[in-house]
Amino acid sequence: MLHEEAILAVPVSAQDHVQGNAHAVVTLVEYGDFQCPACGSAYPLVKQIQHRYAGNLRFVFRHFPLGQAHPYAQLAAELAEAAAVEGRFWAMHDWLYENQAAWAAQGAAGLGAGARALGLDEAAIAATLRSPDIDARIRRDFMGGVRSGVNGTPGFYVNGSLYQGDIDALVHSIGRAIARQA
Amino acid sequence: MSMLAAGTAAPEFTLHSTPDQNVALKEFRGRNLILAFYPADWSPVCSDQLALYNELLDEFARFNAQLLAISVDGAWSHAALARDRRYHFPLLSDFEPKGQVARAYGVYEEQAGVARRALFVIDGDGVIRWSYLSPMGVNPGAAGIVRALEALPSNNIQKTLPADVAQEAP
């Protein structure tokens, strides 16, 4: 079910982290938190959806760290942005979700393993993490999500409308949206 | 009784925020207030909703607004929830007489004996400027609150400035 009142307030732009065909008929936007277990559970489903609909789907990830509930979510988001500076955002996004339980248990030290796993220069990453631009970027994503009506994580928007319901059924909602556009 | 609407004076209240502290509406004169009534401590939807607001306290402060959350749960339950979830805003206990404040705002659910999931934005003069009732199981998010705060005259500096400038012009 797509929510009629909660509409994506910030259009997808060149500022976003985007995967897939720029001219796809369906755009799926996720507002996610790297330490959120529900986002971790949704991660393989999103991969399946991307695989299944390939050229018909564009996927966008935006930060929505709930830092009080998940104490390392903000640092994880910053690490993903620091990796993005090196052109490795998606590699870090995937690593953070695939290894969520392991790094979340160790906090900042666990996140250091992510930088090493991707072969990133840890000194360069540490320098980038101190940049206020990184925080500003994450906050901009977060407030855009708030204005769009994100009410928890993960928050998914299918062609600009908030998806409400079981994450397992998201694939059907996307399938229907593609069928309508075909 | 239906939910109090914009333009209505907010009914006064004094409620426990902790087992030995009270919070009264009148303490917030001159500041904006967000009242979030919610059905129950520990329920999944309530926790997500309050977790989101907990991330927005700085944002609310930019609008000179304080968040107060209200349910019929007791002060000890509130204390445990706030500690467990690291909430940094008061949880008020509408416990005795049960639901009296929720009733005054027209958001008491008689059958279940809990507050409905309702939001109010109250200005510094104690007048309700915006209210919203969400279906019981639906987390309303914060988009409506942010829009309501932006629309408050006290926060609408851009609109008042040009008029002042115009008056000073020769």
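Of the 170 residues in chain B, 38% are buried, meaning that 20 or more other C-beta atoms, placed from the backbone, lie within 10 Å of a residue's own. This is a predicted model, where local features need pLDDT of at least 70, side-chain atom pairs count only at pLDDT 80 or more, and totals for chains, interfaces and linings use all residues. Residues are numbered from 1 along each chain as its sequence is written, while chains are lettered from A and ligands numbered from 1 in the order in which they are written.

Here's chain B in brief:

| Feature of chain B | Value |
|---|---|
| Box filled by C-alpha atoms, along the principal axes | roughly 65 × 35 × 30 Å |
| Share of contacts (separation of 6 or more) between residues 24 or more positions apart | 65% |

A contact here means two C-beta atoms, placed from the backbone, within 7 Å.

Chain B also has six helices and nine strands; these are DSSP runs, with helices being H or I of at least four residues and strands E of at least two, numbered from the N terminus.

Now for where the chains meet. 15 residues of chain B are in contact with twelve residues of chain A. On that side of chain B, α1(B) gives the most, with five residues.

What about the inside? The largest nonpolar core has 92 residues, and A76(A) and F37(B) have the most contacts inside it. Such a core is a set of buried Ala, Val, Leu, Ile, Met, Phe, Trp, Tyr and Cys residues joined through C-beta atoms within 7 Å. Helix α2 of chain A (residues 73-85) gives the most to this core, with eight residues.

Notes:
Buried ≥ 20, exposed ≤ 12 C-beta atoms within 10 Å, placed from the backbone.
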